[in-house]
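Student: I would like to learn how to read some features of a protein model. Can we go through them one by one?

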Amino acid sequence: MLAPLVTGLALGGLYAMTAIIYNVMFSSSKVLSLTTGHMLMIGGVAGAWAISVLGLHPMLGIALAVIIGGAFGGFTEVVAVRRTLARPDDHLWLLSTLALATIVQQCVALWWGTEPRPFPKLLPVDGTGYLHQRYWLPVLAAILMAVAVELFSRRTTVGKSLRALSEDELAARARGMDTGRLRLFSYVLAGALGAIAGLAAGQITFAYYALGLSLTLNGFVALALGGIGSNSGALIGGLILGLITAFGTHFFGGEFQNTISIGVLILFLIIRPQGLLGSAKLRQV
């Protein structure tokens with residue numbers, strides 16, 4: 001029983017980071033971008049390419065992957081989000097972000113190949129068995145990311161501006177905030193965080209072009225479990241989902257992993273649609 005526990009915590013850290021990245025973009029745009037998982041995929045592939053193919057030092061490879069991830073995040077906002085928010089059609093961003101995610105996935109497949117490639121070791125820390133960094137690094141990265149994003153949103157001027165933007169965009173604009181620039185910054189930040197998450201979990205997921213869709217789905221389930229807008233909820237929801245899927249795979253087989261994730265999502269939407277730490281919104285009638 002130790003194997004699914006350790007693996008579940010590692011996967012939970014990965015899902016938690018994906019949910020946190022959802023929150024970063026949602027806070028400024030009210031958009032649940034379907035490119036979220038692809039931000040992690042691009043970070044992992046870029047890191048593996050920089051370290052294994054170009055032969056860069058791991059720290060330089062990490063820096064390059066974060067830059068590429070941030071650039072993709074900004075590209076997502078400019079190409080798939082900005083124009084759709086200016087139109088009166090609700091949820092048009094679903095189609096635009098899905099289209100961008102599909103295009104990016106196919107482009108990476110043509111360039112990188114369709115077979116998963118091993119991911120290089122990032123830290124000069126040797127460990128064997130369940131003490132290997134592939135198991136504890138995603139969990140540590142998820143905890144640090146949740147704390148860092150929460151401190152950033154509460155202690156910095158830009159973070160407070162993003163919180164104000166998430167509450168009321170019209171009021172934020174009336175106070176003189178450049179809402180367009182703030183939104184772009186949040187997507188660049190999300191892309192950079194996505195690259196970090198993809199690097200931290202790369203030794204579990206491998207550098208694989210088709211990883212984005214699965215992470216987009218499981219990250220959303222983790223977000224729904226924890227509650228949209230809550231980073232601590234995203235962390236808890238991700239760990240819970242990771243453990244559920246790991247034990248479910250252990251007992252029933254890997255082919256049921258996505259079925260289990262969707263089942264957990266439906267169950268929580270029925271029982272507690274606002275999530276564990278989310279707050280229910282009241283609608284005036």
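Student: How many salt bridges are there by this rule?
Tutor: A salt bridge needs a side-chain nitrogen of Lys or Arg within 4 Å of a carboxyl oxygen of Asp or Glu. By that rule the count is three. This is a predicted model, so local features need pLDDT of at least 70 and side-chain atom pairs pLDDT 80 or more, while totals for chains, interfaces and linings use all residues. Residues are numbered from 1 along each chain as its sequence is written, and side-chain values use heavy atoms, without hydrogens and water.

Student: Which residue meets arginine 82 in a salt bridge?
Tutor: Glutamate 77, at 2.9 Å from N to O. For exposure, buried means under 20% relative accessible area, exposed over 50%, and partly exposed in between (1.4 Å probe, protein chains only). Glutamate 77 is buried at 1%. Arginine 82 is partly exposed at 38%.

Student: Where do glutamate 150 and arginine 154 sit?
Tutor: Helices are DSSP runs (H or I, at least four residues), numbered from the N terminus. Both residues are in helix α5 (residues 133–155), four residues apart, so about one helical turn separates them.

Student: Is arginine 181 buried or exposed?
Tutor: Exposed, at 62% relative accessibility. Its salt-bridge partner is aspartate 178, with the closest N and O atoms 3.6 Å apart. Aspartate 178 is partly exposed, at 42%.

Student: How many residues are in the largest nonpolar core?
Tutor: A nonpolar core is a set of buried Ala, Val, Leu, Ile, Met, Phe, Trp, Tyr and Cys residues joined through side-chain atoms within 4.5 Å. Here the largest has 62 residues, and those with the most contacts inside it include Tyr15, Met17 and Met145. Helix α1 (residues 2–29) provides the largest share, twelve residues.

Student: What does methionine 145 touch?
Tutor: Contact means heavy atoms within 4.5 Å. Leaving out residues up to four places away in sequence, methionine 145 touches Met17, Ile20, Leu193, Ile196 and Ala197.

Student: What is the volume of the largest pocket?
Tutor: On a 1 Å grid over the protein atoms alone, a pocket is an open set of points where a 1.4 Å probe fits, with protein on both sides within 12 Å along at least five of seven lines; lining residues have an atom within 4 Å of a point. The largest pocket has a volume of about 1,100 Å³. It has 35 lining residues, and Asn23, Phe26, Ile228, Gly229 and Ser230 are the closest to its centre.

Terms used. Helix = DSSP H or I, 4+ residues; strand = E, 2+ residues; numbered from the N terminus. Points joined across faces, edges and corners; volume = space filled by probe spheres on them.
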